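I opened my notebook to record what I looked up in this structure. The entries follow in the order I made them.

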Amino acid sequence: MKISDTASFGKAVKNRRKELGYTQAYLSECSGLSASFLSNLENGKETVELGKAIRVAQLLAMDIILETR
(Lines give C-alpha, C1' and ligand atoms only; values in the text may rest on other atoms or scores of the structure.)
Protein backbone atom coordinates (compact mmCIF):
# COMPACT_ATOMS: atom_id res chain seq x y z
CA MET A 1 0.00 0.00 0.00
CA LYS A 2 1.33 3.40 -0.92
CA ILE A 3 1.28 5.85 1.98
CA SER A 4 0.64 9.37 0.78
CA ASP A 5 -1.01 11.03 3.77
CA THR A 6 -2.07 10.51 7.37
CA ALA A 7 -5.32 8.84 6.32
CA SER A 8 -3.58 6.18 4.23
CA PHE A 9 -1.00 5.59 6.98
CA GLY A 10 -3.79 5.17 9.53
CA LYS A 11 -5.62 2.76 7.25
CA ALA A 12 -2.46 0.70 6.79
CA VAL A 13 -1.91 0.55 10.56
CA LYS A 14 -5.52 -0.49 11.17
CA ASN A 15 -5.41 -3.17 8.46
CA ARG A 16 -2.16 -4.61 9.85
CA ARG A 17 -3.46 -4.57 13.42
CA LYS A 18 -6.58 -6.46 12.37
CA GLU A 19 -4.52 -8.84 10.22
CA LEU A 20 -2.58 -9.77 13.36
CA GLY A 21 -5.80 -10.15 15.35
CA TYR A 22 -4.95 -7.35 17.79
CA THR A 23 -7.48 -5.04 19.36
CA GLN A 24 -6.70 -1.41 20.04
CA ALA A 25 -6.87 -2.24 23.76
CA TYR A 26 -4.27 -5.00 23.38
CA LEU A 27 -1.96 -2.80 21.32
CA SER A 28 -2.42 -0.02 23.85
CA GLU A 29 -1.37 -2.36 26.65
CA CYS A 30 1.66 -3.62 24.75
CA SER A 31 2.84 -0.21 23.58
CA GLY A 32 2.04 1.93 26.60
CA LEU A 33 0.14 4.28 24.29
CA SER A 34 -3.46 5.22 24.95
CA ALA A 35 -6.29 3.64 23.01
CA SER A 36 -7.41 7.16 22.06
CA PHE A 37 -3.99 7.81 20.49
CA LEU A 38 -4.29 4.59 18.49
CA SER A 39 -7.78 5.54 17.39
CA ASN A 40 -6.60 8.99 16.30
CA LEU A 41 -3.70 7.40 14.42
CA GLU A 42 -5.94 4.92 12.61
CA ASN A 43 -8.39 7.69 11.72
CA GLY A 44 -5.67 9.78 10.11
CA LYS A 45 -5.56 12.61 12.64
CA GLU A 46 -2.76 14.88 11.49
CA THR A 47 -1.59 15.93 14.94
CA VAL A 48 -0.39 12.52 16.17
CA GLU A 49 3.25 12.39 17.21
CA LEU A 50 5.52 10.89 14.57
CA GLY A 51 7.71 9.05 17.07
CA LYS A 52 4.71 7.30 18.58
CA ALA A 53 3.31 6.48 15.15
CA ILE A 54 6.62 4.90 14.15
CA ARG A 55 6.67 2.88 17.40
CA VAL A 56 3.22 1.47 16.56
CA ALA A 57 4.35 0.55 13.04
CA GLN A 58 7.40 -1.20 14.49
CA LEU A 59 5.27 -3.15 16.98
CA LEU A 60 3.12 -4.30 14.07
CA ALA A 61 6.25 -5.31 12.11
CA MET A 62 5.45 -2.88 9.32
CA ASP A 63 8.17 -1.80 6.92
CA ILE A 64 8.33 1.94 6.47
CA ILE A 65 10.03 2.92 3.24
CA LEU A 66 10.28 6.53 2.25
CA GLU A 67 10.41 7.18 -1.45
CA THR A 68 11.70 10.33 -3.03
CA ARG A 69 10.08 11.68 -6.12
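**Entry 1: Ser-28.** I looked up Ser-28 and found that this residue counts as buried, because its relative accessibility is 17%. Buried means under 20% relative accessible area, exposed means over 50%, and partly exposed is in between, with a 1.4 Å probe and protein chains only. Ser-28 is found in helix α2. Helices here are DSSP runs of H or I with at least four residues, numbered from the N terminus. I then listed the contacts of Ser-28, leaving aside neighbours within four places in sequence: Leu-33, Ser-34, Ala-35 and Leu-38. Contact means heavy atoms within 4.5 Å.

**Entry 2: what I am looking at.** I noted that this is a predicted model, where local features need pLDDT of at least 70, side-chain atom pairs count only at pLDDT 80 or more, and totals for chains, interfaces and linings use all residues. Residues are numbered from 1 along each chain as its sequence is written, and side-chain values use heavy atoms, with hydrogens and water left out.

**Entry 3: helix α1.** I checked the length of α1, residues 6-19. The helix has 14 residues and reaches 20 Å from its first C-alpha to its last. That is close to the 20 Å expected at 1.5 Å a residue. The expected span is 1.5 Å times one less than the number of residues.

Which residue caps the N-terminal end of α1? I found Asp-5, with a side-chain oxygen 3.3 Å from the backbone nitrogen of Ala-7. A polar contact is a pair of N or O atoms within 3.5 Å; within protein, one must be able to donate a hydrogen and the other to accept it, and residues adjacent in sequence count only if both atoms are side-chain atoms. Just after α1, I saw that Gly-21 takes a positive phi of about 80°.

**Entry 4: the buried side of the list.** Which residues of α1 are buried? I wrote down Ser-8, Phe-9, Gly-10, Ala-12, Val-13 and Arg-17. What covers them includes α2 (24-31), α3 and α4.

Arg-17 is buried because its relative accessible area is 7%. Not counting residues up to four places away in sequence, Arg-17 touches Tyr-22, Thr-23, Gln-24, Leu-27, Glu-42 and Leu-60.

Ser-8 also came up, with 12% relative accessibility, so Ser-8 counts as buried.

**Entry 5: Ala-61.** I went from Ser-8 to Ala-61: they are 53 residues apart in sequence and 17 Å apart in space, C-alpha to C-alpha. Ala-61 lies in the segment after α4. Is Ala-61 buried or exposed? Ala-61 counts as exposed, because its relative accessibility is 56%. I also noted that Ala-61 has a positive phi of about 55° although it is not a glycine.

**Entry 6: α3 and α4.** I compared helix α3 (residues 35-42) with helix α4 (residues 50-59). Their axes come within 11 Å and cross at roughly 90°. That is why α3 is roughly perpendicular to α4. The contact is made by Phe-37, Leu-38 and Leu-41 of α3 and Lys-52, Ala-53 and Val-56 of α4.

**Entry 7: Lys-52.** My last stop was Lys-52, in helix α4. Lys-52 counts as partly exposed because its relative accessibility is 26%. Leaving aside neighbours within four places in sequence, Lys-52 is in contact with Leu-33 and Phe-37. The C-alpha atoms of Lys-52 and Lys-11 are separated by 16 Å, and the two residues are 41 residues apart along the chain.

Methods:
Axes are lines fitted to C-alpha atoms, for helices over the stretch in contact, and angles run from 0 to 180 degrees between N-to-C directions. Helices (H or I, at least four residues) and strands (E, at least two) are DSSP runs, numbered from the N terminus. Angles under 35 degrees count as roughly parallel, over 145 as roughly antiparallel, 65 to 115 as roughly perpendicular and the rest as oblique.
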